[in-house]
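Opening my notebook on this one.

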Amino acid sequence: MRTLSLGRMIEIEDLTKRYGTKTAVDHLSFQVRPGVVTGFLGPNGAGKSTTMRMMLDLDNPTSGTVRIDGRHYRDLAEPLKYIGALLDAKAMHGGRSAYNNLLCLAQSNRIPASRVGEVLDLVGLTAVAKKKSKGFSLGMGQRLGIASALLGDPEILMFDEPVNGLDPEGIHWIRNLMKALAAEGRTIFVSSHLMSEMALTADHLIVIGQGKLLADTSMADFIQQNSRSYVRMRSPQQERLRDVLHANGFVVVEAGGGALEVDGATTEKLGELAAESGLVLHELSAQRASLEEAFMQMTAAAVEYHAQGTDVHSGAAAPGPRWGTTSEGA
Amino acid sequence: MTAPAHHHAQAPHAYVSPIPVRAAHLGDALASEWTKIRSVRSTMWTLGVMILLMFAIGLGVAALASASEAPLGEESALGFGFFGMLPASICVITLGVLTIASEYGTGMIRTTLTACPSRARVLTAKAIVFFLLVFTLTTVVTALVAAAQVAMVDAAEPTGAEWLRATVGAAAYLATLGLLSMAVGTLIRHSAGAITVMIGLLLLPLVAAMFMFSQSLKSVQEFLFTYAIPSQMISLYSETPPFGESGPAGWEPLLIMAAIAAAALGGAYALLNSRDV
């Protein structure tokens, strides 16, 4: 009989992975707590998949440890009952039927064969259970991968980029499934390179860039600190406008196209100020920086492959992440 | 979906599965590997072709020998088994390599090792399932073919020991050669690469020996003629060394193959355990 506990926790301590001179994961430490969806966010090549492979003992860390419930993954006799993982939807033998792909996994963990039918039903693949999985669409493959993760009815579930390449219906389905699984008290760890996706599903965020931990924060805090609101102003008398704003104690940031961005002020107040000073305004609008922009700003220094000629700093991006500080005027 | 478990005072509560935890062991890994090997087309193809070749070649050779009425001397008709064994070994090599290398090709290996983190258990289960399947099947086929050959060809009556070597011995030899292929597949992790290496190992020494005309290479040539895998297969059917005075005969080729396979499997275990997947 399993004893009731606080739930299964994943602890990552000082995890490092080097390939030759390249460091993929760099002294990473964090915990994944039970009962919530933890988002694992980072640009492509940040080391998310490498970290997840080390969590599952597929790759050996150069140094550091991963503990699941205080134990090393290799010491779990029937790991599917503790952790279910979707790493790569195509990590199945395409020549085998969906049913047999799941059956051989179930058998290796002493999971009753009847469970295979249950999970196939759960992900909606019962009708194609006897079909070879190589004929599956991306969405069906993803569902099969999720079925294999759910096979042992585990307390911890790990999904690597589960919505990649899915249609809106599939994305919606996975989102709801993750929320339902977390609501049952399970530990959900899901990676993504899309902030917008995480904003909809995750309760907690772990952000990494170039293998380093950039943030370990609750989603609510992240939103509070990063969805900066500001006022955008454009005037043919830009120099004078700037002087007036400075004189009144406003923080002004110059944006592209001759616009000024003013933090911590309302449009009413700034409009009146401009009128008092006799300034012509071509634009006066309230703006809100998106979470995606905040994420890009945060990881900009850590993005490995930049496209030529794009600059993530341009436009209405926030002036920079402000971790640990309370945001003023937001 | 199952109802969440209620937990005293602590929030968030932990999920507790209704599926009981029962410690899995090698037997479960064996069941898993048996499901894997029986549920892919490549198993049916390689073993089907193998059976077909053994019957067709074995019976064909026996029919030719019986028609020619050439005297066989002291030899029994069991020696004809060799002709089916050589092409059969190519099928066994292919299946042995695919048993593990196809998991690398498809990415299934990551799923397999996530489900069973004991890599030694996975490889052991694969080896046992593969060996028993190939051994059982080839024992039956070699016995049927040998019985037909003995009945068709007018030759010396084989002894019990000869019967045993031509059936159980030949089957064990093929299955062990398959284990060596599996080990090479584990080391190389690439189906086409490992099959090429194994077929090269099977045929190249003999081919190379044929072109060693130089006197200085005489000893190398003799060694290759004696110890090349096809030569050893012939030796398996013979009481005395068929090539020169030394060299293996009787059960010795099987022992040699077993030693090589054991060494290769040892390397496969070590590398599988230490390598990233």
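Helices (H or I, at least four residues) and strands (E, at least two) are DSSP runs, numbered from the N terminus.

**Ground rules.** This is a predicted model, so I take local features at pLDDT of at least 70 and side-chain atom pairs at pLDDT 80 or more, while totals for chains, interfaces and linings use all residues. Residues are numbered from 1 along each chain as its sequence is written, and chains are lettered from A and ligands numbered from 1 in the order in which they are written.

**Confidence.** I checked pLDDT, the predictor's confidence in each residue from 0 to 100. Chain A has a mean of 86, with 89% of its residues at 70 or more. Residues 1–5 of chain A are below 50, and residues 309–330 of chain A also stay under 50.

**Chain A overall.** I find ten helices and 13 strands in chain A. Of its 330 residues, 45% count as buried, meaning 20 or more other C-beta atoms within 10 Å of a residue's own, with C-beta atoms placed from the backbone (12 or fewer is exposed, in between is partly exposed).

**The sheet.** I traced an open sheet of six strands in chain A, in the order S5-S6-S7-S3-S8-S9, with mixed pairing. S5 (83–86) and S9 of chain A are at the edges with a single partner strand each, so one side of each has no neighbour in the sheet. The twist averages 15 degrees from one strand to the next.

**Strand S8(A).** S8(A) covers residues 204–209, and six of the six are buried, so the strand is largely enclosed by the rest of the structure. His204(A), Ile206(A) and Ile208(A) point one way, and Leu205(A), Val207(A) and Gly209(A) the other.

Which way do S8(A) and S9 (residues 212–218) of chain A run, parallel or antiparallel? They run antiparallel, joined by six bridges. On the other pairing, S3 (residues 37–41) of chain A runs parallel to S8(A) over four bridges. Ile206(A) has Phe40(A) opposite and Asp216(A) as its bridge partner in S9(A). Phe40(A) also stands opposite Ser191(A) in S7(A). In the S8(A)–S9(A) hairpin, with two residues between the strands, Gln210(A) takes a positive phi near 45 degrees.

**Cores.** I use nonpolar core for buried Ala, Val, Leu, Ile, Met, Phe, Trp, Tyr and Cys residues joined through C-beta atoms within 7 Å. The largest has 149 residues, and Leu102(A), Ala147(A) and Leu174(B) touch the most other members. Its largest share, 15 residues, comes from helix H6 (residues 160–188) of chain B. A second, separate core of eleven residues includes Tyr230(A) and Leu270(A).

**Where the chains meet.** I count contact as C-beta atoms, placed from the backbone, within 7 Å. By that rule, 38 residues of chain B are in contact with 50 residues of chain A. Helices H1 (26–38), H3 (81–106) and H4 (108–115) of chain B each supply at least two residues of that side of chain B. The residues on that side are 20 nonpolar, twelve polar and six charged. Here Ala, Val, Leu, Ile, Met, Phe, Trp, Tyr, Cys and Pro are nonpolar, Asp, Glu, Lys and Arg charged, and the others, Gly among them, polar.

Note on methods: Contact = placed C-beta atoms within 7 Å. Pairing = 2+ DSSP bridges. Axes fitted to C-alpha atoms, helices over the stretch in contact; angles between N-to-C directions.
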